[in-house]
Amino acid sequence: VFPDTEQYWMDYYDSVVATGNSVTFEEYSTELDSYMKISAYMIGFNQMAVLVEDVSESRIASRKLKESEEKFKLLIDMMPLGMIHYRVVYDSNNKKNIYQFLEVNKTFEKQVGMVNSELADKSLVEVFPKTEQYWLNNFDDVVSTGNSITFEDYSIEVDGYMKISAYLIKSDILAVVIEDVTTRVKHDNEIKYEKEIAEKYLSDLREAGNLFKNSIMNAPLPIMIHDEDGNVLDISLKATELTLYTKSDIRTIYDWTEKAYGKKKEEVIVFLRKLHEFPETQHNAEFLVTTKDGRKLVWEFNSGYIGRLPNGKSVVMSVGTDITEKRKTSEKLLYLSYRDSLTGLYNRRYYEDNLIKLDLAKNYPLTIVMSDINGLKLINDAFGHQAGDKLLIAATKVITDSCRETDLVARIG
């Protein structure tokens with residue numbers, strides 16, 4: 001009936017007949033084109049019973065699950081954030097939790113300069129004895145309550161600021177995601193320091209009394225004072241120096257927004273109105289200002305209520321900080337951090353950061369093309385690295401000319 005029955009099936013049956021012992025096995029059946037679970041046993045002299053169950057679906061599901069797990073592990077390893085799995089062991093003698101390393105991803109290995117095999121089964125405090133108690137207390141809270149937590153703190157061990165997210169996977173397994181936010185925190189601290197200077201200057205002005213007018217005019221920052229009807233009462237000399245607008249050019253905030261903000265004027269007017277509607281609140285905002293001669297400046301404003309005119313109209317003062325050069329420097333640093341200096345293509349860091357973002361159903365089908373330049377080493381050895389660089393630049397042009405603007409082209413090696 002089934003001439004293509006696999007020989008090892010017959011061998012299993014012969015074993016049952018010869019020994020009288022039952023046997024169970026799973027194998028692929030060519031005849032049925034399916035995976036079968038077979039149970040064979042003797043039920044009498046010269047009589048054998050065979051139970052057959054089609055397990056193809058469970059086999060396929062098991063394979064897909066394994067593939068999914070492998071893909072998930074690859075994504076975890078490739079993600080730009082560090083990830084750690086700790087086993088939580090309670091030390092009853094010292095009445096505290098011990099966090100043992102189970103597994104870490106590649107990014108965390110780079111963050112701390114240690115590989116997974118060096119960390120496995122060691123405790124957090126054993127590997128990093130200077131770990132802040134604040135971190136351990138937060139981890140203990142997650143374990144005891146089951147609630148996740150996110151916090152930022154300075155780490156002595158890695159000499160940087162870290163953003164930590166911790167949550168329980170199981171009652172004794174703690175997952176921790178670590179992002180190095182040192183650059184961002186330092187930048188925020190610089191901005192905060194400049195804000196504090198501006199706010200202190202604003203506070204000093206409010207106390208200046210008889211020196212108020214002179215202080216405004218000669219302030220080292222662009223300052224504008226206006227009332228709730230939109231009249232510009234005064235602007236500092238620094239504001240005129242930077243923008244070339246005089247008080248006669250901008251008699252009202254509507255003149256100012258029309259000239260300095262163009263299409264964004266409505267957004268700025270809404271901001272200015274809120275200054276009068278909520279006098280008890282300090283208002284901060286960042287805007288792109290167009291000067292009288294067409295230059296574009298990025299200003300950060302600190303604005304607040306300073307009192308009322310004799311007619312009862314509220315008065316607001318806006319103090320600007322010119323962060324144009326800082327913004328350009330920040331954007332340049334960001335560009336350099338994501339670009340290959342020779343070809344101008346995105347670099348490996350940008351590629352890895354965006355690979356996960358691209359791996360979404362809405363982007364399918366998604367194609368990844370990996371290419372190499374034949375003979376590059378030979379050209380470098382024979383004609384020098386300048387010739388090799390020219391070849392790389394020429395190849396870059398060919399590739400980018402063949403791609404769409406929406407495609408991601410990166411040099412990763």
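View A. Leaving aside neighbours within four places in sequence, Asn302 is in contact (heavy atoms within 4.5 Å) with Lys195, Ala198, Glu199, Gln282, His283, Asn284, Met317, Ser318 and Val319. With a relative accessible area of 1%, Asn302 counts as buried (under 20%; exposed is over 50%, partly exposed in between; 1.4 Å probe, protein chains only). Helices (H or I, at least four residues) and strands (E, at least two) are DSSP runs, numbered from the N terminus.

**View B. Helix 11 and its buried face.** Val268, Ile269, Phe271, Leu272, Leu275 and His276 are the buried ones here. Down the helix axis they fall within an arc of 160 degrees, so they line one face of helix 11 (the arc uses directions from the axis to the C-beta atoms).

**View C. Val1, out in the open.** Val1 lies in the segment before helix 1 (7-19). Val1 is exposed, at a relative accessible area of 94%.

**Notes for these views.** Residues are numbered from 1 along each chain as its sequence is written, and side-chain values use heavy atoms, leaving out hydrogens and water. Since the model is predicted, local features need pLDDT of at least 70 and side-chain atom pairs count only at pLDDT 80 or more, while totals for chains, interfaces and linings use all residues.
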